[in-house]
Amino acid sequence: MPLLEIKNVSKAFGGPPVLHAVNLSIERGEFVAIVGYSGSGKTTLISLVAGLIAPDSGTVKLNDVVVTGPGPDRGIVFQNYSLLPWLTVTENIALAVDQVFPNKSPGERAEVIARTIATVNLTPHAEKLPRQLSGGQRQRVSVARALAMDPQILLLDEPLSALDALTRATLQDEFERIWEKDKKTVVLITNDVDEALLLADRIIPLTPGPGAHLGDSVNVTLARPRDRKSLNHDPEFKRLRALVTNQLLNYGAKRRATVTKKLILPDLLPEDLDAPRTTRRRPLRPHEIKKEEVVAAS
Amino acid sequence: MKQFKLDWLVLPIFGVLVILGLWAACSATWAKDLPSPLKTWESSKPYILEPFAKRGEMDQGILRFTWYSLVLVAQGYALALIIGTPIGFFLGLSKGFTKTFDPIIQVLRPVSPLAWLPLGLVLFLSTGKEAGTYGALFTIAICSMWPTVLNTAVGVRAVPQDFLNVGRVLKLSRWKTLTKILIPATLPYMFTGFRLSLGIAWLVIVAAEMLTGRPGVGGFLWQEYNALIYEHIILSIITIGVVGFILDRLMSLLEQRFKSV
């Protein structure tokens, strides 16, 4: 029996459906990556699994029980970290741990918190506030918070997309290490094919919305642990990468042929932030805003 | 203007001197009844140099009067916050509540303290001698409550959905969501409301004291007007202004502390 089963799920927000007839089943211990263009409904899909929104039709089942609302059995790592800025790293994680393990003694809970902070290598920063941390560190806190709840499934919603390339690579390696340790079931949403290949057992492309659905899944048979340097020369890696990329590009080609869009961009000049500010900046009056039209069509 | 050392001190003093000059010129030329700065100082000296003296019910040192006013303001202000903050939370959390009560709030908000005070006196008529105090408290509370109500409501609506989602994923109880997420996230907005409310409360006190004749800065001002001692009107105005300024500074310090989080 699959751990997570999504059957014929559709979701619309008033307009055309964002997701249409999505089917997915994930086994226990699997690491699944869902890749797709931005705006194709990836976040909607993960919100449905998390129970933050309800599907219009179809069902999401976890352990054969229909998901009706959010719960700590599905740990979610949000794209923008979502740490509470007035709590320290420890307090942020403690909020989750205290809520999920009310029966443990305070000592045990403190131990769980310390252990998860150590897992993500943040012990020296345990008493800092989120604003004192870098983006990568914040995201690690967010991961630690999700791990501390000991969820059945870990949902990662583009966890690394807001980070620079180097930090991203470090965190990808760290994700791999953490996953190797306790083999949690993970759903990773990403737009980075390399990231998916490095981490996942199975990659599923999401067709572009509106009416997005999941494409054919690609099994990643690369041996673990995967080393990013040697992977670059691995023929299997290259083959898989071409396969997934081509699939996505095909979707994109179909989309390009059908979508024409007129964008109106504001006429903005980059501001030199180093130049000394002589006068107070005045908000633009409506008649001072210039508009420039760019037609983006096939 | 060119900047120089000590300009933060010299320029404000220069500004005060300009106004003093204008004032002196006015009282010397067309406004003969306006006491000159010097006369005002002479006549106010006993009130300033012995700020806590009590010579009679309406003849006390200026800081003593200020103290009376501050105590009354503090009570009315506390009342406003205790009533206003929960109303703000309800407005922010419930669309139905907003639709029901927002129109009436918008109608009551611009009503002047001078209009509320008689109603307050009528409300507490049965308390006899204390009617003035209760009426004044009622007026301060109902006039100064609105910035707190509206800012709290805006703050609650501005809580990022992500924070609320964290609460939902953790299945926090309503109470925990309120104390762990909503209140901390709303605090900066609430304090902006508190600061504006305090400013209004201080505005209202003067009107309330004038009409009820209670001892306090406003009561003193009105009494000295009736007693034709115009110097003390100016003394009262300056006191009210300075105290209001200090209160605002203190509140904005507090506000900054919460904003930085």
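## Exercises on a two-chain model

Chain A has eight helices and 12 strands. The model is predicted.

### Exercise 1: Chain A

State what share of the residues in chain A is buried, and what share of its contacts join residues at least 24 apart.

**Solution.** 
- Begin with burial. Chain A has 298 residues, and 36% of them are buried.
- Turn to contacts. Take those in chain A between residues at least 6 apart in sequence; 71% of these join residues at least 24 apart.

### Exercise 2: The side of chain B that touches chain A

Describe the contact between chains A and B, naming the elements of chain B and the residue classes on its side.

**Solution.** 
- Count the residues. Chain B has 13 residues in contact with 15 of chain A.
- Find the elements. Helix 7 (161-169) and helix 8 (174-212) of chain B are those that give two or more residues to the side touching chain A.
- Helix 7 of chain B gives the most, with six residues.
- Sort by class. This side of chain B has eight nonpolar, one polar and four charged residues.

### Exercise 3: Val166(B)

**Solution.** 
- Apply the cut-off. A residue is buried if 20 or more other C-beta atoms lie within 10 Å of its own.
- Ala78(B) is 88 residues from Val166(B) along the chain, and their C-alpha atoms are separated by 33 Å.

### Exercise 4: Helices 5 and 6 of chain B

Classify the crossing of helix 5 and helix 6 of chain B by angle and hand, and describe the contact by class.

**Solution.** 
- Take the geometry. The axes of helix 5 (residues 113-123) and helix 6 (residues 131-157) of chain B come within 8 Å and cross at roughly 135°.
- Classify the angle. The perpendicular range ends at 115 degrees, and roughly antiparallel means over 145. Helix 5 and helix 6 of chain B are therefore oblique to each other.
- The crossing is right-handed.
- List partners. Helix 5 of chain B contributes residues including Trp116(B), Leu117(B) and Leu121(B). Helix 6 of chain B contributes, among them, Tyr134(B), Phe138(B) and Ile142(B).
- Sort by class. This contact has 11 nonpolar, three polar and no charged residues.

Key: Residues numbered from 1 in each chain as written. Chains lettered and ligands numbered in written order. Predicted model: local features only at pLDDT ≥ 70, side-chain atom pairs only at ≥ 80, totals over all residues. Contact = placed C-beta atoms within 7 Å. Helix = DSSP H or I, 4+ residues; strand = E, 2+ residues; numbered from the N terminus. Nonpolar A, V, L, I, M, F, W, Y, C, P; charged D, E, K, R; others polar. Axes fitted to C-alpha atoms, helices over the stretch in contact; angles between N-to-C directions. Parallel < 35°, antiparallel > 145°, perpendicular 65-115°, else oblique. Left-handed = near helix turned anticlockwise from the far one by under 90°. Buried ≥ 20, exposed ≤ 12 C-beta atoms within 10 Å, placed from the backbone.
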